[in-house]
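Load the model in a viewer and keep the selection tool at hand. The stops below can be followed in order.

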Amino acid sequence: MSGMKVGLLAIGEVMAEIRTEGDEGFALGFAGDSYNTAVYAAREIRAPGAVAYFTRVGSEPLSAAFVKQAAGEGIDVSHVAVDPDRHIGIYSVSTDAHGERSFHYWRSESAARRLFAAEETAMSMPDADIIYLSGITLAILTSAARRRLVEVLISRRSAGAKVAFDSNYRPKLWENVAAARRMMQVMWDITDIALPSVDDEMALFGDDTEAAVIDRFASRDWDGIAIKRGMRGPVSPVLDPEAHPDFPTAARVIDTTAAGDSFNGGYLAAFLAGKGEAERLAAGHALAARVVGAPGAILPRRDI
């Protein structure tokens with residue numbers, strides 16, 4: 001283990017986000033599901049260094065700009081490794097006149113894809129109360145790297161850390177559905193805080209209904225669980241139906257990018273603050289409802 005213990009350690013890939021901005025060209029930002037969650041959790045916790053991000057980036061200017069931005073969010077970036085032979089991933093997003101978004105990616109040679117490519121990667125991971133990752137984190141890794149990551153998580157869990165996971169299934173990133181399903185099941189078996197979405201779980205495991213997904217997750221105990229259902233709000237099998245809070249709909253919906261990621265950030269921040277399950281669900285939903293009201297994955301700080 002390396003360095004001081006942090007509250008939340010997020011593991012994954014961040015990319016440079018190039019998005020259209022009116023008729024004036026493009027705007028540059030940084031996003032990625034696990035990074036989005038780290039940013040929103042850090043903003044909720046408001047304690048510099050309480051959230052750390054674990055990834056690999058390149059040595060080019062875009063990577064340096066990301067590290068500077070993440071540090072500006074109060075995120076501990078001392079565990080971001082620099083790979084001189086690779087670069088940060090890039091994606092562009094544009095929106096047409098009907099609000100439909102189009103994405104293009106340049107990420108096949110990103111530095112983050114070499115996470116856990118060697119045994120020593122695990123040695124540089126800081127100790128944490130909660131370790132968060134997603135199905136996208138797993139999807140970009142090699143099979144051997146996935147095994148190493150799972151071994152590290154099992155080891156850290158046995159030492160007292162809690163594992164938080166969102167399956168966040170993206171079929172195009174996986175070699176095949178069987179590999180995705182097998183790896184996701186391994187992760188659910190070692191997860192303490194489950195943050196799935198109904199749609200992802202139905203697509204991956206073939207559940208016929210939302211109720212089937214809920215029943216599957218209700219078959220075991222969790223330290224926390226929020227099954228996300230979009231604007232209808234989450235369901236937690238650890239709560240009686242009447243114990244769920246109200247989930248007000250968003251005042252406006254402009255862009256649903258990072259809705260689930262921001263929910264996860266709000267939920268995990270509330271978990272670390274010692275809140276009960278109903279309060280955690282409400283915190284995550286309230287944050288996501290604000291995020292969907294503005295374009296882009298990460299709100300400007302003035303809007304949060």
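This is a predicted model: local features need pLDDT of at least 70, side-chain atom pairs count only at pLDDT 80 or more; totals for chains, interfaces and linings use all residues.

**The open sheet**

Select the strands of the open sheet next. Six strands make up this sheet, in the order S4-S1-S9-S10-S11-S12, and the pairing is parallel. At the edges are S4 and strand S12 (224-225), each of which pairs on one side only.

Go to strand S1 (residues 6-11). S1 is mostly covered, with six of its six residues buried. Strand S9 (residues 128-134) pairs with S1 in the parallel sense, over four bridges. To find this pairing, pick Val-6, which stands opposite Ala-128 in S9. S1 also pairs with strand S4 (residues 51-54), again in the parallel sense and over four bridges. Here the pair to pick is Ile-11 and its bridge partner in S4, Phe-54.

S11 and S12 are paired in the parallel sense over two bridges. Ala-194 and Ile-225 mark the place: Ala-194 stands opposite Ile-225 in S12.

Now show helix H5 (residues 143-158) as a cartoon. H5 lies across S1, S9 and strand S10 (162-166). Relative to S9, the helix runs at about 155°.

**A loop residue**

Select Thr-191, in the loop between helix H6 (177-189) and strand S11 (193-194). Is Thr-191 buried or exposed? Its relative accessible area is 0%, so Thr-191 is buried. With neighbours within four places in sequence left aside, the residues in contact with Thr-191 are Arg-157, Val-163, Phe-165, Arg-220 and Trp-222.

**An exposed strand residue**

For a contrast in accessibility, select Phe-26, in strand S3 (residues 26-31). Phe-26 is exposed because its relative accessible area is 60%, and the class begins over 50%. Draw a line from its C-alpha atom to that of Tyr-132: the separation is 31 Å. Along the chain, Phe-26 and Tyr-132 are 106 residues apart.

**The largest pocket**

Finish at the largest pocket, which has a volume of about 1300 Å³. To centre the view, select Asn-168, Arg-170, Thr-256, Ala-258 and Gly-260, the lining residues that lie nearest the centre of the pocket. The lining has 46 residues. Elements that give two or more residues to this lining are helix H1 (33-45), strand S8 (101-106), helix H7 (198-205), helix H9 (259-272) and helix H10 (277-291).

Which element gives the most to the lining of the largest pocket? Select H9, which gives the most, with four residues. Then colour the lining by class: 21 residues are nonpolar, 11 are polar and 14 are charged.

Conventions: Residues are numbered from 1 along each chain as its sequence is written. Side-chain values use heavy atoms; hydrogens and water are left out. On a 1 Å grid over the protein atoms alone, a cavity is a set of points where a 1.4 Å probe fits but cannot get out, and a pocket is an open set with protein on both sides within 12 Å along at least five of seven lines; lining residues have an atom within 4 Å of a point. Grid points are joined across faces, edges and corners, and a volume is the space filled by probe spheres set on the points. Ala, Val, Leu, Ile, Met, Phe, Trp, Tyr, Cys and Pro count as nonpolar, Asp, Glu, Lys and Arg as charged, and the others, Gly among them, as polar. Buried means under 20% relative accessible area, exposed over 50%, partly exposed in between (1.4 Å probe, protein chains only). Two strands pair if DSSP finds at least two bridges between them. Contact means heavy atoms within 4.5 Å. Axes are lines fitted to C-alpha atoms, for helices over the stretch in contact, and angles run from 0 to 180 degrees between N-to-C directions.
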